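This report describes selected parts of one protein model. Please keep the sequence and the structure in view while reading.

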Amino acid sequence: MSTEEINQRIQKSIVNREYRKGKETRFYILTVKYDDNHYGVKLLDNHEEIESADIIGRLDAAKKAAMEMLWNKFPTATISDATMVHYKDELSNKGNRPSRIGWQKELNSVLKGLFAQAESFSLNNSNLDRILERFSEYRRVNEKEYDLERQSKLSVLNRLAEWMNLISSETEQAKKGLLDLFAGRDASNKDLVKNMERLLTSQYQQVRNFKVLLEELSIGEFYELFTELIDNGLTLEVRKHFNTHYEKLLTSGKLINPNRGSLLITVQLLALLLSAHDPNNYILYQPNEFSRFLETFDITFPNDVLERYELCLIAARYVLQYSSENGYLVYDFIDICNLVMMFDSSSLGGNSDNMNKTVAKNLILYGPPGTGKTYNVINHALEVLNPDVELDLLTNPARRDEAVQLYNRYIESNQVVFCTFHQSYSYEDFVEGIRFVKESEGYEVRDGVFKRICNAARAVVTKKKHTYDFDLSTINFHKISLGNSKDANDDIYDYCVQNNKIALGWGNQVDYGQCSDKITIRERYFGLANDERKFGADAVHRFKHGIDIDDIVIVSNGNYKARAIGKVTGEYEYDEAGVIDYHHFRNVEWLWVSKDDADIVPVERILLDKNFQQQAIYMLAKEDLNIESLRELITGRNEQGTGESQFVIVIDEINRGNISKIFGELITLIEPDKRLGQKNEISVTLPYSGYKFNVPSNVHILGTMNTSDRSIALLDTALRRL
């Protein structure tokens, strides 16, 4: 449709006041799209056209020009006086939509940002010069490292841009390209997917769901969604339209954590697509990094996520212009993004050592009764578990249920444990102690709550032998025992680990290679194995026929721990003259193996609310598996991204217990610099088990303390200084 034809439709629409949306205002600011780089703007006062202009540029340029038009004509106009609406010719959209006038109202938050921009938005704070000086100096001194950081982002943006720019002409090819990239199948650059994961480190769940959405969208739906995003930018309507398609998938069972509703598509993910398509007008958006950066200038982020994004865009444009005028080494939005991500508010500048945020390892919330200490535990825990969690989720009372739901999911995956100190609470409850075990009718050393979470966290940072991104729908998990975990000279387990095998002791020296089913195994077992126990035949059948290639086997360490995980790679083998007492083998690829007794994984990392059974071999029910934890152990990835998982132990009423008695020798180990991998790392030998023990750096202690309780006087001085 020609520009003249569009203008005829617009004039008719203006006469009928079809642009009027919601509450009527004095001024209407109209933007009209003619093509990708040609817009018209019109200013209406009481529905009468006052001024109009043609703009060569994108929608952002048209919106800015329209605001300047209003500002020049009516300097005293306020936000409440104006409404901005956009017209997009519906007939140009490949016939996917009905023929109608497409007026879309802009968010008030965006209008507010444009007003601020028109008022010469300024970060009037001397800190900006200091930050830019530090950044420029870092860039000069570390030119090679900085260029690598830039290139990691550009590689992702350039590849995304290839597909985004094909959407209007080669829609099907663009869809396939984006799907391959988000599914990790893009082979153009081996580091490309890794770089994307870094950019979306907190969005692992959303990226997986986005991949499902791409797979399910028809070509028409794909075209409609993405052209709307490209044409209009990040608006409320665009976000709603994406979420509408997610809603259709909620009952399919393909999405992970579908109960999170409005979080299914995030501003950060959409901002990535926009910045790839138009890197001069849209910035790579890192919500938490931007919030910390702007807080330095006494700018408080609004609760609405789109308002926050628009504010970041305005600030980024200002910093870019200010840098250009004052000679700082900040040339584009990639530099702005790096500046923000490297920002360290404590030093007012770039952190030249690393870009990672540090979080307190030990924190106590204190105050009189009723001040919300326990209430705020959830918010603090979520900040630790996912540093990039949405600020709105933590601060908006209307989303409290959603925050609690997310917190409970971390409890289910055993990344959060809770205990309450009291006068009778002891070292044996917290670290380890001797307990009577009904199953074995004897006494055993049992781990306490703190030792269990430390073992779980330590397993995350243990170096893996291999990784395996399993498909839960096609494989099964099996528990198997290898040798005697209580025997210091456990030659069976050691042999299997060293030779990439699992072995079965049942079945004696009888070859079951020719047995094709359970019946023939039982006949041969009872006829030749000299053993009448029924389970022996069942165990052989499970070992030979019940485990398929690519299934996962978990080697138990008693009923409460696991010491190795492997992927089955070979069929049943019989070795009559083996070097160990077992004769039945299958080849495996070890995915994770504990380094020592202190490194074994508690059963909570494998199963939900269950312990291992004493049977030598059996299949684990999938509904009992702690899938998120297992996936991280095996693939090195967690739901939030590729980063290392964090663990939180919440100690309520921490001052009511005898701290010295409960923590014992661990009171020193929990100091941040004494933890595993730190410069002053310390290990101790535990008194009951005799194992060496240290506290991993990804374990956080979060306590609550009632200051009106007299027992505060008992709080150990060593704990107060942590």
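Phe526 has a relative accessible area of 36%, so Phe526 is partly exposed. The model is a predicted one. Buried means under 20% relative accessible area and exposed means over 50%, with partly exposed in between. Tyr525, at 0% relative accessibility, counts as buried.

Tyr525 and Phe526 form an aromatic pair. The ring centres of Tyr525 and Phe526 are 5.5 Å apart, the planes stand at 90°, and the pair is edge-to-face.

## Other aromatic pairs

The count of aromatic pairs comes to 21. One of them joins Tyr285 and Tyr309: their ring centres are 5.3 Å apart and their planes meet at 75°, so this pair is edge-to-face. Tyr285 belongs to the loop between α11 (267-277) and α12 (287-295), while Tyr309 belongs to helix α13, so the pair ties together parts that are 24 residues apart in sequence. Both Tyr285 and Tyr309 are buried.

There is also an aromatic cluster, made up of Phe182, Phe210, Phe222, Phe226 and Phe242.

## The nonpolar cores

In soluble globular proteins, nonpolar side chains tend to be buried together. The largest nonpolar core in this model has 78 residues. Which of its members touch the most other members? They are Leu160, Phe182, Phe210, Phe226 and Phe242. Helix α13 (residues 305-326) gives the most to this core, with eleven residues. Another core lies apart from the largest one; it has 33 residues, among them Ile521, Ala564, Tyr582 and Val588.

With neighbours within four places in sequence left aside, Phe242 is in contact with Phe210, Leu213, Leu225, Phe226, Leu229, Ile265 and Leu270.

## The five-stranded sheet

Five strands form an open sheet with mixed pairing, in the order β3-β2-β1-β4-β5. The edges are β3 (48-56) and β5 (103-105); each has a single partner strand, so one side of each is left without a neighbour in the sheet. From one strand to the next, the twist averages 25°.

Strand β1 (residues 27-35) and strand β2 (residues 38-45) are paired in the antiparallel sense, over eight bridges. In β2, His38 is the bridge partner of Asp35.

## The helix on the sheet

Helix α1 (residues 3-15) packs on the sheet and touches β1, β2, β3, β4 (82-87) and β5. The direction of α1 makes about 155° with that of β1.

Glu4 is placed in helix α1. Is Glu4 buried or exposed? Its relative accessibility is 58%, so Glu4 counts as exposed. Glu4 and Tyr34 are 30 residues apart in sequence, and their C-alpha atoms are 9.6 Å apart in space.

## A covered helix

Helix α14 (residues 333-342) is mostly covered, and ten of its ten residues are buried. The buried residues of α14 include Phe333, Ile334, Ile336, Leu339, Val340, Met341 and Met342. Asp335, Cys337 and Asn338 are also among the buried residues of α14.

What caps the N-terminal end of α14? Asp332 does, with a side-chain oxygen 3.2 Å from the backbone nitrogen of Ile334.

Conventions
Residues are numbered from 1 along each chain as its sequence is written. This is a predicted model: local features need pLDDT of at least 70, side-chain atom pairs count only at pLDDT 80 or more; totals for chains, interfaces and linings use all residues. Side-chain values use heavy atoms; hydrogens and water are left out. Buried means under 20% relative accessible area, exposed over 50%, partly exposed in between (1.4 Å probe, protein chains only). Helices (H or I, at least four residues) and strands (E, at least two) are DSSP runs, numbered from the N terminus. A polar contact is a pair of N or O atoms within 3.5 Å; within protein, one must be able to donate a hydrogen and the other to accept it, and residues adjacent in sequence count only if both atoms are side-chain atoms. Two strands pair if DSSP finds at least two bridges between them. Axes are lines fitted to C-alpha atoms, for helices over the stretch in contact, and angles run from 0 to 180 degrees between N-to-C directions. Contact means heavy atoms within 4.5 Å. A nonpolar core is a set of buried Ala, Val, Leu, Ile, Met, Phe, Trp, Tyr and Cys residues joined through side-chain atoms within 4.5 Å. Rings of Phe, Tyr and Trp (its six-membered ring) pair if their centres lie within 6.5 Å; planes under 30 degrees apart count as stacked, over 60 as edge-to-face and the rest as tilted.
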